[in-house]
Amino acid sequence: MAKTPSPQELSKINHEPSNDGWMEMPVDFRPGTWCYSGKASALETLELPNPREWQPTDEDWKLPDNWETIIYEGFRERLKKFRSLKIFMDTCVRCGACADKCHFFLGSGDPKNMPVLRAELLRSVYRKDFTTAGKILGKLAGARKLTKDVLKEWFYYFYQCTECRRCSVFCPYGIDTAEVTMMARELLHLVGVNINWVLEPAAKCFTTGNHLGLLPHTFKDSIESLCEDIEDVTGIHIDVPLNKKGADVLFITPSADVFADPGIYTFMGYLLLFEHIGLNYTMSTYASEGGNFGLFTNNETMKKLNSKMYAEAKRLGVKWILGGECGHMWRVVHQYMDTMNGPADFLEVPKSPITGTVFENAASTKMVHITEFTADLIKHGKLKFDPRRNDHRHVTFHDSCNPARAMGLFEEPRYIIKQVCNNFHEMPENTIREQTFCCGSGTGLNTDEYMEMRMRGGLPRASAVKHVHQKHGVDLLSCICAIDRATLSTLMQYWVPAVEVSGVHELVGNALIMEGENERTTDLRDEPLEGMEDDE
Amino acid sequence: MKLKSCLKEKRATILERWYQAIIDTYPSESAKHFNNQDPFANPVGFTISDTIGFLYDSLLREEDTEEEIAQALDSMVRIRAVQDFSPSQAVAFVFQLKKVIRAELSGVIDSEKVSEEWGRFEERIDRLALVSFDVYMKCREKIYELRTHEFKSRAWRLLERANMVGVISEESSPNC
């Protein structure tokens, strides 16, 4: 039996952390701070190397015998191929401007979550292998040898970055830490080190067209079931065209909108909008996913998953693509699509069939964000609203990282919310627009085994929500990203339990006055509307 | 009452040292960033500062109910419950107050005149520690509840959509 320590011994317990340098601190894989490894079957589907059974807590990660050479060659190839990586490795002067801008750092207090230090994990190996100073001076020049412990550290910390790019906003050199993370993850893939929550959805998307692995009939059933819910609330019957050839527009949204709470209410909002304006559109049971977990895997996977949307647009013969409220889909479309799979010359420059507005910003990608589309409809007076139907809500808006920082989409969602809601309150300035804080669960980190880390990463966002909840009674956090909708809901339950999460088009759907509709007594969630409750 | 007036007089210094002791539980490279007192740019530092101020005054007031104290502790313990701390490390900040006061008021505490008052004050600090452990446990339970909830709702939705679960409607429920 263990000896009970004396009061003198107890008083000597030191709660202060070790003062060892960061290179001497190996990773401690605490439960809740890492994700399960990629399943062999997912790696095989994606044709990624070294499929096997392993977990990060195992001593032996079953790496290939020549793993150091593989990483070295992979690093060299990428430095040659991507000029940005070479610049990001060489340029940083360690000014520290990014240090306290990362949500994981702010929530955890772990210095290796400072973007500068996270990048140093990679840069230190770069110096050792690819710079003269590093080769000669070693540690004095901030260089170190790649060891298994370093590889474990890479895995731990590059899966503690959501590629949200907030740090890049503050970097005087514009170093894109998200791209550093992307490269590190690519290197890890070369030796089979990755996480299942990214690879399995990507593999499912390869085989079924969406991350959830919904087969066409299930996708159709889900949509029909949501149409029944719409009919219950509004009395309006909607038939959603699927795989219809020759429609004006192909509508693509994250599959989570069709399947998961609270995204389904946003989806109901889209359908009501399309019905309201009589849009000639179709959805596809093959391009049934807007999200692209390839972005979190590697260039090749991102390219393949993105291409299916365009292949389907071509097959169906539509004029252009309308995209739903997704986050990273828009980073891929806005920043990578054009050079990967574009320009999509077989499509037309998007033109709203209702207002005649030409979306010249999408002239090359041919894909329009639904908030741009809806904001244009409102501006032209094409939509009839009763905003009182959202009076039971006090709403704030979370700028989802990718639409905000990768597209600069700040005004359209706000413009829409202000038209359909009477109670809107902004969060503090340093937490919104280009300075928005991540949900803490992006880049495929939205899995339950990672809960502690997600709560840490989400703390800065939650602090701002808590503020507007206490000050203005905000009880609804709206956003334009499917991962946000799912993960902010959990985040709120931990930090600000009185706040729920919605998409912007859920609020649109509540407020839209449909021709021939029943008197609305509930919102799309079937919750009673203030002052409009059913008498029975 | 002598101790209480000293504690009131030295409030700012004691709080500053207590704050520093808590900040020192984080790695030194990080600790220096926690001095920014913008609640949104630095939620951890701000919450610590805000919480310990309330707790200190509460210890002196001796009026707050356990529920009110738990509420005040919540924001700070909720953060430490998800950070890289063991349970004892997460709530040890309460005991650090004793150490800080001893260092700051050693002459006063050593005097026999206040020993009884100090004993009672220490008991209140111990009580605070126990409440903070209750709060810590609630937070940890919540983490596991959230994990289970996410897992269950995902599985349930899949089964429901695949028509693999029966739905018991009100009409078909047997009258019990």
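## Strand pairing in chain A

A:V249 stands opposite A:Y281, a residue of strand β2(A). This pairing belongs to a predicted model. Strand β2 of chain A covers residues 281–282 and runs parallel to β1(A), the two being joined by two bridges.

Strand β1(A) also pairs with β3, residues 320–323 of chain A; this pair is likewise parallel and has four bridges. Within β3(A), A:L322 is the bridge partner of A:F251.

## Side chains of strand β1

Strand β1 of chain A spans residues 249–252. A:V249 and A:F251 point one way from the strand, whereas A:L250 and A:I252 point the other way.

## The largest nonpolar core

The largest nonpolar core comprises 147 residues. A:W154, A:W495 and B:I101 have the most contacts inside this core. Helix α9 of chain B, residues 115–161, gives the most to the core, contributing eleven residues.

Both domain 1 (22–194) and domain 2 (201–511) of chain A give residues to this core, which therefore lies between them.

## A nonpolar patch on the surface

A:I136, A:L137 and A:L140 make a nonpolar surface patch of about 380 Å². Of these residues, A:L140 lies in the loop between α7 (132–137) and α8 (148–158) of chain A. A:L140 counts as exposed because its relative accessibility is 77%, and the cut-off for that class is over 50%.

Definitions and conventions. Residues are numbered from 1 along each chain as its sequence is written. Chains are lettered from A and ligands numbered from 1 in the order in which they are written. This is a predicted model: local features need pLDDT of at least 70, side-chain atom pairs count only at pLDDT 80 or more; totals for chains, interfaces and linings use all residues. Side-chain values use heavy atoms; hydrogens and water are left out. Patches are made of residues with over 30% relative accessible area and no salt bridge: like charges are joined within 9 Å, nonpolar side chains (Val, Leu, Ile, Met, Phe, Trp, Tyr) within 5 Å. Accessible areas come from the Shrake-Rupley method with a 1.4 Å probe; for residues, only the protein chains shown count as cover. A salt bridge is a side-chain nitrogen of Lys or Arg within 4 Å of a carboxyl oxygen of Asp or Glu. Buried means under 20% relative accessible area, exposed over 50%, partly exposed in between (1.4 Å probe, protein chains only). Two strands pair if DSSP finds at least two bridges between them. A nonpolar core is a set of buried Ala, Val, Leu, Ile, Met, Phe, Trp, Tyr and Cys residues joined through side-chain atoms within 4.5 Å. Domain bounds come from an automatic or database domain assignment.
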